[in-house]
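User: I have a model open and want the terms behind its labels spelled out. Please take me through them.

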Amino acid sequence: MRILILFLLLISACAAADKQTSKAYITNQGSNTVSVIDIKQNKVIHTIPVGKGPVGVAVSKTLKRVFITNVDSQNISVIDTDTNKVIETITTSGSPVGIAIAPNNKTIYVADWYSDRILAIDTASYKSIGEIVVAKAPAGLAVSPDSAWLFVAARDSNEVVVINTAALNITKRIAVGKHPFGLTLNNSVETLYVVNVYDNTVSVVNTKTWAQNVVKVGEHPYCSAVSADNKTLYVTNTQDDTVSVIDIATQKTIATIEVGMTPEGISYAAEGAQILVASWGENKVSIIDAKTNKVITHVKTGSKSRAFGQFILSEQ
């Protein structure tokens, strides 16, 4: 009896520890799964079956939910972060790719790649609350800290579309480089970083004045992430198999880090000051120490890892 009680207590303690650790949710487009990485241990602790062709990811600590876009099955998988199981599937009848959740946790926004539209979905009911046609091939999404504005990278229109979320209408179009894909907001200085795939650049856009500068990076860049102190920008370069490290103050590249083949999704983990990079070509995540700009380990994931979006659920 004592052995059984000790066993149950051990299981309970492990489950509690699991919930308190920051995790990365990595979409594996080729195996129709999501790999859950314990960031403290740097290992996969769960593999979750989802829909067909998972690409985009958005996380909410408040809701204890992860939202996954499945481009081939045309739906969104909703994962409960306490159980790491799919609890709901939202039908979109389109080709969902990019996804973002408003900071107020009331709405998720989904980029329908082939229909050129943005879907707004209520996080309480999982019902559609509106949609808007924006521009050709919407991809990366970012929502302002006050949840009032949605920024959309329109890849085939070479622009960023700015949407008023209350009215769900377009207020501005910003010309950027060729084939913008990933978007990242630097909230402390009100700056939007737009990764231009065909130009090998990042457009640095002031969201108050709309003035912009251009920073050169590696070959065929894809996504970006900002450090917790808003001083450093990290950009994946899919055809160089590298990450460009950019000093935000000077807008200069200060390091180039070799990672896995075809790096795509990237996020900054405050826990341990690490950068996680999903490698589509090698089915793994490269983990970089932000203090040294060196790769410290690789974590094997599923087939064709993409992790497009904010994929780290932070417990800090």
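User: What makes the largest set of 25 residues a nonpolar core?

Analyst: A nonpolar core is a set of buried Ala, Val, Leu, Ile, Met, Phe, Trp, Tyr and Cys residues joined through side-chain atoms within 4.5 Å. Buried means under 20% relative accessible area, with a 1.4 Å probe and protein chains only. Tyr-234, Val-243, Ile-266 and Ile-275 touch the most other members. Strand S20 (221-226) is among the elements that give two or more residues; S20 gives the most, three. Strands are DSSP runs (E, at least two residues), numbered from the N terminus. This is a predicted model: local features need pLDDT of at least 70, side-chain atom pairs count only at pLDDT 80 or more, and totals for chains, interfaces and linings use all residues. Residues are numbered from 1 along each chain as its sequence is written, and side-chain values use heavy atoms, leaving out hydrogens and water.

User: Why is Lys-294 called exposed?

Analyst: Exposed means over 50% relative accessible area. Lys-294 has 55%, so Lys-294 is exposed. Lys-294 is found in strand S27 (residues 294-300).

User: Which residues does Lys-294 touch, not counting those up to four places away in sequence?

Analyst: Ile-287, Ile-288 and Asp-289. Contact means heavy atoms within 4.5 Å.

User: How do you know that S6 and S7 pair?

Analyst: Two strands pair if DSSP finds at least two bridges between them. Six bridges join strand S6 (residues 75-80) to S7, and they run antiparallel. Ile-76 stands opposite Ile-90 in S7.

User: What makes S7 and S28 edge strands?

Analyst: The open sheet runs S7-S6-S5-S4-S28, with mixed pairing. S7 and S28 each have a single partner strand, so one side of each is left without a neighbour in the sheet.

Definitions and conventions: Helix = DSSP H or I, 4+ residues; strand = E, 2+ residues; numbered from the N terminus.
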